[in-house]
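Biologist: I would like to go through this structure with you, one point at a time. Please give the cut-offs as you go.

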Amino acid sequence: LEKLRAMDADVRLKAARINAPSLPIDDMDAHLFLDGGVLRLEPLNFGVADGDIRSNIRMDARQSTILTRADVAMRGLSLPKLMPDGTLAQESIGKVGGKFDLTTRGNSIAKMLGNADGDIAVGMGQGQVSKLLMKLAGLNLAGAIRTKLSGDKPIPIRCAFGDFAVKDGLMTTRAL
């Protein structure tokens, strides 16, 4: 933290193409400001899986515990491209998006997640997902084994939406 407080920076990075075969990242646009222990990433944007993630992040390290505010919007992320090496994901069709606004305190990701407050919303338009992928995502191992033995089938989805409140690191469903 002392090093963050000791220097200032203004750095702009634009990458029109990112060569990372195992990641679905296409491009990046980031502007980093560091001034007196306050780090701002405005913007921190990525092209991801044929969609985009647009974000502004502010981290205040002037105190002994970092105060972070993240405003992130995701649009048009292609399900199969989010997990390019997964054969289950390749049978999925559809686009997902969402938004989250979180404020938190902590000097590690675990502490930040455990102290987070804010809102999260995710949605998906028409598409389909693998039944086996759904069983594995829900950690339903017995159901996953039965599905694997009996044969995987796509599950059609007309639309899906989740709206969640986050308080002290606990995410509560408002609508699903």
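Biologist: With which side chain does the side chain of Asp60 make a polar contact?

Modeller: This is a predicted model, in which local features need pLDDT of at least 70, side-chain atom pairs count only at pLDDT 80 or more, and totals for chains, interfaces and linings use all residues. Residues are numbered from 1 along each chain as its sequence is written, and side-chain values use heavy atoms, with hydrogens and water left out. A polar contact is a pair of N or O atoms within 3.5 Å; within protein, one must be able to donate a hydrogen and the other to accept it, and residues adjacent in sequence count only if both atoms are side-chain atoms. At 2.6 Å, the partner of Asp60 is the side chain of Arg62.

Biologist: Is Asp60 buried or exposed?

Modeller: Buried means under 20% relative accessible area, exposed over 50%, and partly exposed in between (1.4 Å probe, protein chains only). Asp60 has a relative accessible area of 10%, so Asp60 is buried.

Biologist: In which strand is Asp60 found, and which residues does Asp60 touch?

Modeller: Helices (H or I, at least four residues) and strands (E, at least two) are DSSP runs, numbered from the N terminus. Asp60 belongs to strand 4, which covers residues 51-60. Contact means heavy atoms within 4.5 Å. Not counting residues up to four places away in sequence, Asp60 touches Gly37, Val38, Thr65, Ile66 and Leu67.

Biologist: What is the distance between the closest N and O atoms in the salt bridge of Arg58 with Asp60?

Modeller: A salt bridge is a side-chain nitrogen of Lys or Arg within 4 Å of a carboxyl oxygen of Asp or Glu. Arg58 is partly exposed because its relative accessibility is 33%. The closest N and O atoms of Arg58 and Asp60 are apart by 4.0 Å.

Biologist: How many residues apart are Lys99 and Asp71?

Modeller: Their side chains meet in a salt bridge, N to O, at 2.7 Å. The pair links distant parts of the chain, with Lys99 in strand 6 and Asp71 in strand 5 (residues 67-78), and the separation is 28 residues.

Biologist: Why does Lys99 count as partly exposed?

Modeller: Asp71 is partly exposed, with a relative accessible area of 28%. Lys99 also counts as partly exposed, because its relative accessibility is 36%.

Biologist: Over the face of which residue does Arg40 lie?

Modeller: Arg40 also forms a salt bridge with Glu42, with the closest N and O atoms 3.2 Å apart. A charge sits over a ring if NZ of Lys or CZ of Arg is within 6 Å of the ring centre and within 35 degrees of the ring normal. Arg40 is at 4.5 Å from the ring centre of Phe33.

Biologist: Which backbone nitrogen lies 3.4 Å from a polar atom of the side chain of Thr104?

Modeller: Thr104 is placed in strand 6, residues 95-105. Thr104 counts as buried because its relative accessibility is 9%. The residues that Thr104 touches, not counting those up to four places away in sequence, include Lys111, Met112 and Asn115. The backbone nitrogen at 3.4 Å is that of Ala116.

Biologist: What percentage of the residues of the protein chain count as buried?

Modeller: The protein chain has 6 helices and 11 strands. Of its 176 residues, the buried share is 33%.
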